[in-house]
Amino acid sequence: MSQAALRSAMRRRSRQARYDEAMNQPDSADRLRPSGQVWQSGSRVAFFGGSFDPPHLGHLAVARAARDAFRLDAVLFAPVGAQPLKHEGSTASFEHRLEMTRLAIAGERGFAVSLADAPRPLGGSRPPRRPPNYTIDTLVGLRAILQPGCALYCLMGADSFFGLRRWHRAAEIPFAAPLIVAWRPGQPLEGLKAALPQGLTLEPAPDDDRTESGVAVRAFCLVNPTGDRAPFYVLPGLDVEISATEIRAQIRDDSKNRTAGREVLPAAVREYIAQHGLYRS
Ligand code: ATP
């Protein structure tokens, strides 16, 4: 076997080992912390969940803006095992999405891959099925492993926010971790109130509006029926016209000359997709 083939086989084996570890771990603190990391009290951490099918420059732009605006110590990119509301499921396997996410964020200050939303252990049903990953459970789990005094946020794009009402225990999510919502092109800011989970109301908090590192932040406050209040933030200036659905379609239509995704994917992700023949059919 050549040196290159040997190296590639070793990389494949270590990837498989990480995947097996993710699949077999019970829901424990280990899977919530990237490489056993412990954040000191006072750290600021954002959970960024999604399919990452594939991870693209839009995801990186959102995470960079949030990191800079909120002085985040960590943005946890957490590819989801089973997205309860995407019935068609992900196109690439969890293993591939995890690896592409690692490649996409390599060298980015404060970015880490998290197994917090990895496929859950098989349930006892017949045939055995993996339970869905609910964001509220993941956030409660993450909060439990953070030191007191750490801030936990939940970062998402506007399209996810507009579907929030349908999420499991939706009204609790902004209270488990304040939401930071990155606006997407074509989504009007006026729609915010209408998209709120039932029972929540929105109040402006203009004193908390800010522009740090050139990133504009609009601040609001969410109030639930018992009067609890949670901060709620929008990044209105983010207009990144990139979607994974479009990238997958482009790759499928362009399988011959392989230029699809050149401007919207990190180079290492593009290479990985080509190498593994992902999204061709
Ligand atoms: P798909 O088209 O497959 O739904 P996506 O990129 O929209 O892909 P995810 O990979 O699940 O979806 O995205 C993870 C998170 O990143 C979601 O909260 C999504 O709203 C957000 N996001 C993705 N692309 C953008 C973008 N261009 N601008 C703002 N937010 C984005």
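# Reading a predicted model, feature by feature

Analyst: Start at one residue. Leaving out neighbours within four places in sequence, phenylalanine 47 contacts Leu76, Ala78, Ala116, Thr138, Leu139, Leu142, Leu152, Cys154, Leu155 and Ala177. This is a predicted model.

User: What is the largest nonpolar core, and which residues have the most contacts inside it?

Analyst: The largest nonpolar core has 65 residues. Those with the most contacts inside it are Ala46, Phe47, Ala66, Val75, Leu76, Leu155 and Ile180. The largest share of this core comes from α3, with six residues.

User: How many helices and strands does the protein chain have?

Analyst: The protein chain has nine helices and nine strands. It has 281 residues, and 35% of them count as buried. Take the contacts between residues at least 6 apart in sequence: 73% of them join residues at least 24 apart.

User: Now strands. How do I read the two faces of β2?

Analyst: The general idea comes first. In a regular strand, side chains alternate between the two faces of the sheet. Now the case here. In β2 (residues 74-79), Ala74, Leu76 and Ala78 point one way. Val75, Phe77 and Pro79 point the other way. All of these are buried, so that six of the six residues of β2 are covered by the cut-off of 20 or more other C-beta atoms within 10 Å.

User: Which strand is joined to β2, and do the two run parallel or antiparallel?

Analyst: Strand β1 (residues 44-50) is joined to β2 by six bridges, and the two run parallel. Phenylalanine 48 stands opposite phenylalanine 77 in β2.

User: Next, a helix. Which residues of α8 are buried?

Analyst: Again, the general idea first. An α-helix has 3.6 residues a turn, so residues three or four places apart point the same way. In α8 (residues 244-253), the buried residues are Ala244, Ile247, Arg248 and Ile251. They cover an arc of only 100° around the axis, which puts them on the same side of α8. The face turned away from that buried side carries the exposed residues Thr245 and Asp253.

User: What do the buried residues of α8 pack against?

Analyst: They pack against α9 (267-276).

User: What about the loop between α8 and α9?

Analyst: Threonine 259 is found in that loop. Threonine 259 counts as exposed because it has 11 C-beta neighbours inside 10 Å. Its C-alpha atom is separated by 9.3 Å from that of arginine 270, eleven residues apart along the chain.

User: Where does alanine 104 lie, and is it buried or exposed?

Analyst: Alanine 104 lies in helix α4 (residues 94-105). With 25 other C-beta atoms within 10 Å, alanine 104 is buried. Not counting residues up to four places away in sequence, alanine 104 touches Pro55, Leu60, Pro266 and Val269. The C-alpha atoms of alanine 104 and valine 269 are separated by 6.1 Å, although the two are 165 residues apart along the chain.

User: Which residues are closest to the ligand?

Analyst: The closest are Gly50, Gly58, Gly157, Ala244 and Thr245. In total, 19 residues surround the ligand. By class, this shell has eight nonpolar, eight polar and three charged residues.

User: Which elements supply at least two residues of the shell around the ligand?

Analyst: They are α3 (57-70), β4 (151-157), α6 (158-162) and α8. α3 gives the most, with three residues.

User: Last, the backbone. What should I look for?

Analyst: Most residues other than glycine have a negative phi, and most peptide bonds are trans. Here, a cis peptide bond joins aspartate 53 and proline 54, with omega about 5°. Proline 54 is found in the loop between β1 and α3.

User: What is the phi of arginine 71?

Analyst: Phi of arginine 71 is near 45°, a positive value in a residue other than glycine. Arginine 71 sits in the loop between α3 and β2. Arginine 71 counts as exposed, with 11 C-beta neighbours inside 10 Å.

User: And where is tyrosine 279 found?

Analyst: Tyrosine 279 is found in the segment after α9. Tyrosine 279 is not a glycine, yet has a positive phi of about 65°. With 21 C-beta neighbours inside 10 Å, tyrosine 279 counts as buried.

Notes: Residues are numbered from 1 along each chain as its sequence is written. This is a predicted model: local features need pLDDT of at least 70, side-chain atom pairs count only at pLDDT 80 or more; totals for chains, interfaces and linings use all residues. A residue is buried if 20 or more other C-beta atoms lie within 10 Å of its own, exposed if 12 or fewer, and partly exposed in between; C-beta atoms are placed from the backbone. Helices (H or I, at least four residues) and strands (E, at least two) are DSSP runs, numbered from the N terminus. The arc is that of the directions from the helix axis to the C-beta atoms. Two residues are in contact if their C-beta atoms, placed from the backbone, lie within 7 Å. A residue is near a molecule or strand if its C-beta atom, placed from the backbone, lies within 6 Å of it. Ala, Val, Leu, Ile, Met, Phe, Trp, Tyr, Cys and Pro count as nonpolar, Asp, Glu, Lys and Arg as charged, and the others, Gly among them, as polar. A nonpolar core is a set of buried Ala, Val, Leu, Ile, Met, Phe, Trp, Tyr and Cys residues joined through C-beta atoms within 7 Å. Two strands pair if DSSP finds at least two bridges between them.
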